[in-house]
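Welcome! Please take a moment to look over the sequence and the 3D view before reading on.

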Amino acid sequence: HFFGSIFLLLSFPKFRGAPGVQPPSSRRMDSPALTSAARIVRCMERVYSSRLTTSSGGNISLVDKRGILWITPAGTDKGALTEAQIPHRPPGGDWVLPEGLRPSTETPIHEAIYR
């Protein structure tokens with residue numbers, strides 16, 4: 001349920017990046033050692049460095065094996081996200097919000113896709 005990756009793979013299967021832009025790393029995003037927040041940050045690093053979004057645009061979400069929804073925060077520089085900035089919500093629970101941040105305003109769209 002990694003919406004960001006699925007969107008990128010389906011929408012840009014042959015995209016090689018903007019001229020002169022190198023991917024941030026060759027680290028695999030499917031490593032079991034990565035947290036959900038780390039997966040979102042790495043995916044956003046790739047999207048941003050490939051110039052597929054601006055610093056304020058684009059959102060990435062995932063639902064982990066426990067059913068917890070993770071999504072990029074609203075009103076933040078997407079090119080400089082950290083794991084500590086990623087809001088998340090367990091099924092039927094309240095949002096766990098990093099101080100001063102809120103989930104993306106597009107959260108309902110992401111939730112509808114997961115249903």
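Predicted model: local features only at pLDDT ≥ 70, side-chain atom pairs only at ≥ 80, totals over all residues.

Residues are numbered from 1 along each chain as its sequence is written, and side-chain values use heavy atoms, with hydrogens and water left out.

The predictor's confidence in each residue is its pLDDT, from 0 to 100. The protein chain averages 76, and 70% of the residues score at least 70. Confidence is lowest in helix H1 (residues 3–11), with a mean of 41, and highest in strand E3 (residues 88–89), at 95. Across residues 1–27 the pLDDT is below 50, and this stretch has 44 contacts in the model beyond near neighbours in sequence. Here, contact means heavy atoms within 4.5 Å. Helices (H or I, at least four residues) and strands (E, at least two) are DSSP runs, numbered from the N terminus.

## The nonpolar core

A nonpolar core is a set of buried Ala, Val, Leu, Ile, Met, Phe, Trp, Tyr and Cys residues joined through side-chain atoms within 4.5 Å. Buried means under 20% relative accessible area, exposed over 50%, and partly exposed in between (1.4 Å probe, protein chains only).

The largest core has 12 residues in all, including Ala37, Ile40, Leu62 and Trp70. Its largest share, six residues, comes from helix H2 (residues 36–49). Leaving aside neighbours within four places in sequence, Trp70 is in contact with Ser36, Asp64 and His88, among others.

## Asp64 in its loop

Asp64 sits in the loop between strand E1 (61–63) and strand E2 (69–71). Asp64 counts as buried because its relative accessibility is 12%. Its side chain reaches the backbone nitrogen of Arg66 at 2.9 Å, and a polar atom of that side chain also lies 2.9 Å from the backbone nitrogen of Ile68.

## Two salt bridges

Side chains of opposite charge can pair when their charged atoms come close. A salt bridge is a side-chain nitrogen of Lys or Arg within 4 Å of a carboxyl oxygen of Asp or Glu. By this rule the count is two.

In one, Asp64 pairs with Arg66, with the closest N and O atoms 3.0 Å apart. Arg66 is exposed, since its relative accessible area is 60%. In another, the side chains of Arg89 and Glu111 meet at 1.8 Å, N to O. This pair links distant parts of the chain, with Arg89 in strand E3 and Glu111 in helix H3 (residues 107–114), 22 residues apart.

Methods. Polar contact = N/O pair within 3.5 Å; in protein donor to acceptor, adjacent residues only side chain to side chain.
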